[in-house]
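Please study the sequence and the structure shown here. The briefing that follows is arranged by topic.

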Amino acid sequence: RVVTELARRAGLAVENALLFREAEERAQAARVLQTIADGVVLLDRDGVIRLWNAAAEAITGLRGEDVVGHPAEEAIPGWAAIAPRVPVASAPGPTAAESMPLELHGAERWLSIAGVGFEDGTVFAFRDLTEERVLEELRRDLVATVSHELRTPLAAIYGSALTLQRPDVSPDETLRGQLLDVIAEESGRLAQIVNDLLLASQLDAGTAGTTPRHCDARDLAQQVVTSARTHLPERIALELAAPQTVPQVRADPGQLRQVIANLVENAVKYSPDGGRVQVSLEPFDASLRIAVSDQGLGIPASEQRRIFEKFYRVDPNMERGIGGTGLGLYICRELVRRVGGRIHVESAPGRGSTFTVELPLASPGSKQRKPASAGAGRPTPA
């Protein structure tokens, strides 16, 4: 009996050791699942979520306590639609993941998902490809936009230069001057495209320099309007409406001038049928409002939140013949942000748009422009 009892106790010890080892392995596996970067989800045979690791929570924004124990179709928005498309292998090994969108908290997330089935259910692993997809779309937009925008001025420059070089053509001074004007104008257009690309890159990298100081927004707006009038389309009327006394703002004068110029250029560009473009300035509380209004195409409400994105254009297919790199409004937004201001738009299709920039005043007691006439303080068209 002693031998039997010793054998029984030895067996129990071995069994306990095996159970302890199994528990330790499971705990270690659980710790690993909580630290890996990929989301891991375990569904039982009934489609109920039994495991939801930390990465799954971080990627989707869905807390484990809210999804574990619930059917996946109820706990994960859109799961019923994407589940049939997810590749599921019958055994562990390399599996081609499928990329698909999932609507989470009002935003679209692109996930790369694959699964492995086993006797108790299915394990799914996924990773977030949203940023990679955004970067890839930006790359495609950059290539498409730049190649299109560069082709037109390059063709004009090349054609004009070839004409001047042809031995069988002897252009008179008038034609020669016209061809040289084309070359100069289109070269300036190329330079502007390159400058916009470089500035956008610097803004992204945080290396664009800014030197804020007291500056007169009215003077800058007047410069922009005067310059733009020299090459306005015939059916466009451009005017400046502002009080003669305007408080100074704290901004980088060169960059503020560029913001106003970009908005005016945009207003003219998106008014193909003509109309009035107005630049107005109005003090408001502790800020100065600079508004650029047009009577052009307008912007659908669904697109207004995207127009400040890089390379985004309201007329991407050039149906109205409106070109551009799609960087102007992005540059405006970033330059305004850098001096503590904000920019927003009010628009409706067919009724034009108004872009408003709000900039903080230089100081509560900043000096104002001296009135140039007895009509100081009233908005006057310039």
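Helix α6 (residues 130-165) contributes 7 residues to the lining of the second largest pocket, the largest share. The model is a predicted one, in which local features need pLDDT of at least 70, side-chain atom pairs count only at pLDDT 80 or more, and totals for chains, interfaces and linings use all residues. Residues are numbered from 1 along each chain as its sequence is written, and side-chain values use heavy atoms, with hydrogens and water left out.

**The second largest pocket**

- The second largest pocket holds about 560 Å³ of space; a pocket is an open set of points on a 1 Å grid over the protein atoms alone, where a 1.4 Å probe fits, with protein on both sides within 12 Å along at least five of seven lines.
- Among the 17 residues that line this pocket, Glu137, Asp141, Arg306, Glu309 and Tyr312 are the closest to its centre; lining residues have an atom within 4 Å of a point.
- By class, the lining comprises 8 charged, 7 nonpolar and 2 polar residues.

**Aromatic pairs**

- The count of aromatic pairs comes to 2, where rings of Phe, Tyr and Trp (its six-membered ring) pair if their centres lie within 6.5 Å, and planes over 60 degrees apart count as edge-to-face.
- Trp79 and Phe124 form an edge-to-face pair, with 5.2 Å from centre to centre and 85° between the planes.
- This pair links distant parts of the chain, since Trp79 in helix α5 (residues 79-82) and Phe124 in strand β6 are 45 residues apart.
- Trp79 counts as buried because its relative accessibility is 11%, and Phe124 counts as buried at 8%; buried means under 20% relative accessible area, exposed over 50%, and partly exposed in between (1.4 Å probe, protein chains only).
- Phe308 and Phe355 also form an edge-to-face pair, at 6.2 Å centre to centre and 80° between the planes.
- Phe308 lies in the loop between β11 (287-293) and α10, while Phe355 lies in strand β13 (residues 353-360), 47 residues apart.
- Phe308 is buried at 10% relative accessibility, and Phe355 is buried at 5%.

**Val123 in strand β6**

- Val123 is placed in strand β6 (residues 121-128) and counts as partly exposed because its relative accessibility is 32%.
- The C-alpha atoms of Val123 and Leu42 are separated by 4.5 Å, although these residues are 81 residues apart along the chain.
- Beyond its neighbours within four places in sequence, Val123 is in contact with residues including Val40, Val41, Leu42 and Phe118; contact means heavy atoms within 4.5 Å.

Definitions and conventions:
Grid points are joined across faces, edges and corners, and a volume is the space filled by probe spheres set on the points. Helices (H or I, at least four residues) and strands (E, at least two) are DSSP runs, numbered from the N terminus. Ala, Val, Leu, Ile, Met, Phe, Trp, Tyr, Cys and Pro count as nonpolar, Asp, Glu, Lys and Arg as charged, and the others, Gly among them, as polar. Rings of Phe, Tyr and Trp (its six-membered ring) pair if their centres lie within 6.5 Å; planes under 30 degrees apart count as stacked, over 60 as edge-to-face and the rest as tilted.
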